[in-house]
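Hi,

Here is the structure I promised to hand over. Have a look at it first, and my notes on the side-chain contacts follow below.

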Amino acid sequence: MEFTFESIQLTADDLKDLVARHASAQELYSPTAPKPPIAQFGWRDRWWLNNSASQQVAIHYWFFESHDAARTAADEGRVRLSAKTVLTFSGYDSIYQPPPNSEHGLGDVVWQAGANFLFVQQALVVLVAEIGGEVSEETTLHIAQKILKKIDDAVTSR
């Protein structure tokens, strides 16, 4: 992976159709911390949509050494992303489950919890999460697809 965080991070210009305002930023640990695989870099941007603090989205980015490490971290870390669980055939599991269909367009490694999307692309794990129940699944999916496009564009331009 040779692209940079700045080449894939969403900006206010990328989110102008959602009238987004950058509210905060924070460096993050790996979703599996303190267990391996440990992210090389993690970051969260919080956005207010439609000029409203009640419509918040948090975008988490985690960079790993390889696609396998990213996939492992996302799969193992999804239990830490929410205290909520769902009953599955094997017992209780993370609320982040494979989407019911493949219409999301986010690649082959994707988990969804309501309007929240967790996906792996290259050696990167991305979580697009709404905060407070005021942002629709359609909107968070739209944001996740924008990030995926930036990742794909960065990979093809290197």
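A quick convention before the contacts: I call something a salt bridge when a side-chain nitrogen of Lys or Arg is within 4 Å of a carboxyl oxygen of Asp or Glu. Bear in mind that this is a predicted model, where local features need pLDDT of at least 70 and side-chain atom pairs count only at pLDDT 80 or more, while totals for chains, interfaces and linings use all residues. Residues are numbered from 1 along each chain as its sequence is written, and side-chain values use heavy atoms, with hydrogens and water left out.

**Salt bridges**

By that rule there are six salt bridges. One of them joins Arg78 to Asp93, with the closest N and O atoms 3.4 Å apart. Arg78 sits in the loop between α2 (67-77) and β4 (85-88) and Asp93 in strand β5 (residues 91-94), so this pair ties together parts 15 residues apart in sequence. Helices (H or I, at least four residues) and strands (E, at least two) are DSSP runs here, numbered from the N terminus.

How buried or exposed are the two partners? With a 1.4 Å probe and protein chains only, buried means under 20% relative accessible area, exposed over 50%, and partly exposed in between. Arg78 comes out buried at 9%, and Asp93 partly exposed at 21%. The pair also belongs to a network of salt bridges that links Asp75, Arg78 and Asp93.

Another one to look at is Lys150 with Asp14, where the closest N and O atoms are 2.7 Å apart. Lys150 is in helix α3 (residues 137-156) and Asp14 is in the loop between α1 (5-8) and β1 (21-27), so the contact ties together parts that are 136 residues apart in sequence. Lys150 is buried at 19% relative accessible area, whereas Asp14 is partly exposed at 22%.

**Aromatic rings**

What does a search of the whole structure find in the way of aromatic pairs? It turns up six. Rings of Phe, Tyr and Trp (its six-membered ring) pair if their centres lie within 6.5 Å; planes under 30 degrees apart are stacked, over 60 edge-to-face, and the rest tilted.

Phe41 and Trp43 are a stacked pair, 6.1 Å centre to centre with 10° between the planes. Phe41 is partly exposed at 27%, and Trp43 is partly exposed at 22%. Phe41 also pairs with Phe63, this time tilted, at 6.1 Å centre to centre and 55° between the planes. Since Phe41 lies in strand β2 (residues 41-49) and Phe63 in strand β3 (residues 52-63), the pair ties together parts 22 residues apart in sequence. Phe63 is buried at 6%. Ring pairs link Phe5, Phe41, Trp43, Tyr61 and Phe63 into a cluster.

Lastly, Arg21 lies over the face of Trp48, 4.5 Å from the ring centre. The cut-offs there are NZ of Lys or CZ of Arg within 6 Å of the ring centre and within 35 degrees of the ring normal.

Cheers
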